[in-house]
Amino acid sequence: MLLKQLLLLPCALRTAIAYTTLTDLTLESLALNSNDFSVSNKDGLLAPILIPRVPGTEGIAKVQEHFASFFRKELPKWKFTFQNSTSTTPLSHGKEVPFRNIIVTRDPPWIENEGDVSRLVLVAHYDSKIDPPGFIGAIDSAVPCAALMHTARAIDAALTAKWTAMETEGIGSGGFDGFEEHKGVQILLLDGEEAFVNWQGTDNTYGARSLAEEWDSTVNPALSTFRTPLESMELFVLLDLLGSRDNQQIPSYFKMTHWAYQRIAQVEGRLRGAGHLKAKRDQPLFYESDKKETDEWLGGRVGDDHEPFMARGVEILHIIPGRFPDVWHTKNDDAEHLDMDTVEDWAMITTAFAAEYMDLEGFMQAGAPLKKAAQPRDEL
Ligand SMILES: [Zn+2]
C-alpha cells in the first residue's frame, strides 16, 4: 500500500533523490580556461556565436555548424539531433521560415528504452533578434549557450567514470540508488525565441512551442516509465540574459522549484566562499534562498522559452535576472559590453550545479579513483 501511494506521488519520490555535495577540492578542479570564452578566439566556445543569427539566415547556419562540430569532435558520446519546424512570421509575407532546435543528450549506456530515462535539461536559445540591424545578442543568449557547451564538456568524463563504476559494481548495488540508474542529461539550444516584431500572440518562442507540442504528443513505447518525452524532463533549467556586469541578480520565480533554486544558490555560495568566482559582488547572484511561502513570487511575469513546457506541467528553474541588464535588446548587447569575469562565473556555477545534480562527486577530478567518496549524502 505504501509503495502504491509512493508511485502515485512523483513529488514524494523526487524528495527521496539524494546526492553528494561537491567537495572543496572538486570545486577547485572546475577552474576553466579563459581562452574558451575569449571574444576574439575563433576556436573558442563563445566567439563563433557572436554574430547575427536570425532564424533562416546564413548566420544562424554557421552557428548551428559550430555547435555540431563541437559536439561531434569533443563530445562524441552525446547524441546530437535537430528538431525542425516552420512557421510564418509577421515579417515573412506568408512564407514559411525554418526553425531548427538542437537537442544534445547523454544517457546511461545501459538504457535501452529512452522512455525509461528522466533527465536534467539545460536550456538556452541561440537565435538573435532581427532588429536593431546587426544585433549580436551576447547576453541574449550567446553566453548561456557557451556556458552550456562548457558544462557538457566539463562533466563528460565524470559521467563516463561514474557510469563505468556503476556497471562494474553491478547496477542497483554498490551504494547507487535506483534513481541514478535512469538519469541522463540533455542540452536544448532553441531557435526562434525572439519576436520578429512584437512579443505578442505567437510572435515569440517559435522553436520552444514546436518542440513542446511535438514531445507532448510523442508517446513512448508501452510499459515505459514515462509516457512522453516531456514527462522525462525532471527539471528544465533555462538560462537567459547572463554575462553583464550589472543586473545579474536572479529571483526565485517558482515555489515548485525553490528546492532547485536553493541548490544552485548553495553552489554559488560555496564557490564564492572558496574564492573561485571572479566578479566581486555585494549580493549573491541567487539572493532569494530564504524566500518564504508568503513572499511575492514572480513566476509567470517573464515570457521566455519555458512557457510552452510549463503549460504542459514541466518543472522550471528560470535563471534570468529580475531586472534586465541595460544592454538588453540594444546594439550594446555585444562582445564589447560583456563582463568576462561574470561570463566565466556563470559557466562555473552552471557546471558545478550540473555536476552536483548528476551526483558526480568522486568522479570529477582527473585521476580520481572510480569510487564514490564516502560522505554523508544530503537529502533533497
Ligand atoms: Zn531577447
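Which residues form a nonpolar patch on the surface, and about how much accessible area do they have together?

Modeller: The model is a predicted one. The nonpolar surface patch is formed by L91, I130 and V197, which together have about 230 Å² of accessible area. As for its position, V197 belongs to the loop that runs between β5 (183–190) and α6 (206–217).

The loop between β5 and α6 also holds T205. T205 is not a glycine, yet its phi is positive, at about 45 degrees. T205 is buried, since its relative accessible area is 2%, and the limit for a buried residue is under 20%. A positive phi, near 45 degrees, is found for N247 as well, again in a residue other than glycine. N247 is placed in the loop between β6 (233–239) and α7 (258–273).

D131 and P132 are joined by a cis peptide bond, with omega about 5 degrees. P132 is part of the loop between β4 (118–125) and α5 (138–169). Another cis peptide bond links D140 to S141, where omega is about 0 degrees; S141 lies within helix α5.

β6 pairs with β7 in the parallel sense, over 4 bridges, and L239 stands opposite I319 of β7. In a regular strand, side chains alternate between the two faces of the sheet. In β7, residues 316–319, the side chains of I316 and H318 point one way, while those of L317 and I319 point the other way. All of these β7 residues are buried.

The whole protein provides the setting for these details. The protein has 9 helices and 8 strands. Its length is 380 residues, of which 56% count as buried. Among contacts with a separation of 6 or more, 77% are between residues 24 or more positions apart.

Notes. Residues numbered from 1 in each chain as written. Predicted model: local features only at pLDDT ≥ 70, side-chain atom pairs only at ≥ 80, totals over all residues. Heavy atoms only, no water. Patch = residues over 30% accessible without salt bridge, like charges linked within 9 Å, V, L, I, M, F, W, Y side chains within 5 Å. Areas by Shrake-Rupley, 256 points an atom, 1.4 Å probe, with all protein chains shown as cover. Salt bridge = Lys/Arg side-chain N within 4 Å of Asp/Glu carboxyl O. Helix = DSSP H or I, 4+ residues; strand = E, 2+ residues; numbered from the N terminus. Buried < 20%, exposed > 50% of the residue type's maximum accessible area, 1.4 Å probe, protein only. Pairing = 2+ DSSP bridges. Contact = heavy atoms within 4.5 Å.
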